[in-house]
Amino acid sequence: LGQISRSQLFDLYQRVDAVLIVSVEETLCLPIFEAASLGAKVMVLNKPYIQAIKDWRGLPQNVQLFDNVKQLELTPNIDKTTVSSKDHYFLPDWLIY
């Protein structure tokens with residue numbers, strides 16, 4: 001796709017069936033949470049980084065961890081109307097300014 005704008009990226013998140021994150025080093029990347037906040041199903045390779053977030057705060061309902069391809073749930077997306085950027089998970093809980 002090359003370089004696209006933020007609005008184009010967020011439009012893609014809303015149109016895809018799922019976002020697949022398979023990095024073995026950077027399993028805690030921003031696209032997980034950007035896509036999840038817009039209702040996309042997000043499938044993330046189960047590694048220590050994402051597991052630490054799961055243990056600390058839990059994960060949004062549309063984020064699935066997997067250890068091997070056979071565990072991927074390739075069923076249709078969740079009802080995107082049930083995911084809201086106002087859900088507690090997507091609200092910041094720290095003050096940076």
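Predicted model: local features only at pLDDT ≥ 70, side-chain atom pairs only at ≥ 80, totals over all residues.

Student: Is Glu73 buried, exposed or partly exposed?
Tutor: Glu73 is partly exposed, at a relative accessible area of 47%.

Student: What about Leu72, buried or exposed?
Tutor: Leu72 is buried, with a relative accessible area of 17%. The cut-off for buried is under 20%, so Leu72 counts as buried. Leu72 also sits in the segment after E3.

Student: What is Leu72 in contact with, leaving aside neighbours within four places in sequence?
Tutor: Leu20, Met43, Gln64 and Phe66.

Student: Gln64 keeps coming up. Where is Gln64 found?
Tutor: Gln64 is in strand E3. Gln64 is buried, with a relative accessible area of 11%. Setting aside residues up to four places away in sequence, Gln64 touches Lys41, Val42, Met43 and Val44, and also Gln71, Leu72 and Glu73.

Student: OK, zooming out. How many helices and strands are there in the protein chain?
Tutor: The protein chain has 3 helices and 3 strands. Read from the N terminus, the elements go α-β-α-β-α-β.

Student: And what share of the protein chain counts as buried?
Tutor: Of its 97 residues, 32% count as buried. The protein chain exposes about 6,800 Å², and 57% of that is supplied by carbon and sulfur atoms.

Student: What about sequence separation: what share of the contacts with a separation of 6 or more comes from residues 24 or more positions apart?
Tutor: In the protein chain, 45% of those contacts come from residues 24 or more positions apart.

Student: Let's switch to helices. At what angle do the axes of H1 and H2 cross?
Tutor: Roughly 65°, and the axes come within 8 Å. H1 covers residues 6–15 and H2 covers residues 30–37. Angles of 65 to 115 degrees count as roughly perpendicular, so H1 and H2 are described that way.

Student: Left-handed or right-handed crossing?
Tutor: The crossing of H1 and H2 is right-handed.

Student: Which residues make the contact?
Tutor: H1 contributes Leu9, Phe10 and Tyr13, while Pro31, Glu34 and Ala35 come from H2. By class, the contact has 5 nonpolar residues, no polar ones and 1 charged.

Student: Is H2 mostly covered or mostly uncovered?
Tutor: H2 is mostly covered, with 6 of its 8 residues buried. Those buried residues are Ile32, Phe33, Glu34, Ala35, Ala36 and Ser37.

Student: What covers the buried residues of H2?
Tutor: The cover includes helices H1 and H3 (48–57). It also includes strands E1 (18–21), E2 (41–45) and E3 (63–66).

Student: How far apart in space are Ile32 and Pro60?
Tutor: Ile32 and Pro60 are 9.9 Å apart, C-alpha to C-alpha, and 28 residues apart in sequence. For Ser37 and Pro60, the C-alpha atoms are separated by 8.3 Å, and the two are 23 residues apart along the chain.

Student: Last one: which residue just after H2 takes a positive phi?
Tutor: Gly39, with a phi of about 95°.

Technical notes
Residues numbered from 1 in each chain as written. Heavy atoms only, no water. Axes fitted to C-alpha atoms, helices over the stretch in contact; angles between N-to-C directions. Helix = DSSP H or I, 4+ residues; strand = E, 2+ residues; numbered from the N terminus. Parallel < 35°, antiparallel > 145°, perpendicular 65-115°, else oblique. Left-handed = near helix turned anticlockwise from the far one by under 90°. Contact = heavy atoms within 4.5 Å. Nonpolar A, V, L, I, M, F, W, Y, C, P; charged D, E, K, R; others polar. Buried < 20%, exposed > 50% of the residue type's maximum accessible area, 1.4 Å probe, protein only. Areas by Shrake-Rupley, 256 points an atom, 1.4 Å probe, with all protein chains shown as cover.
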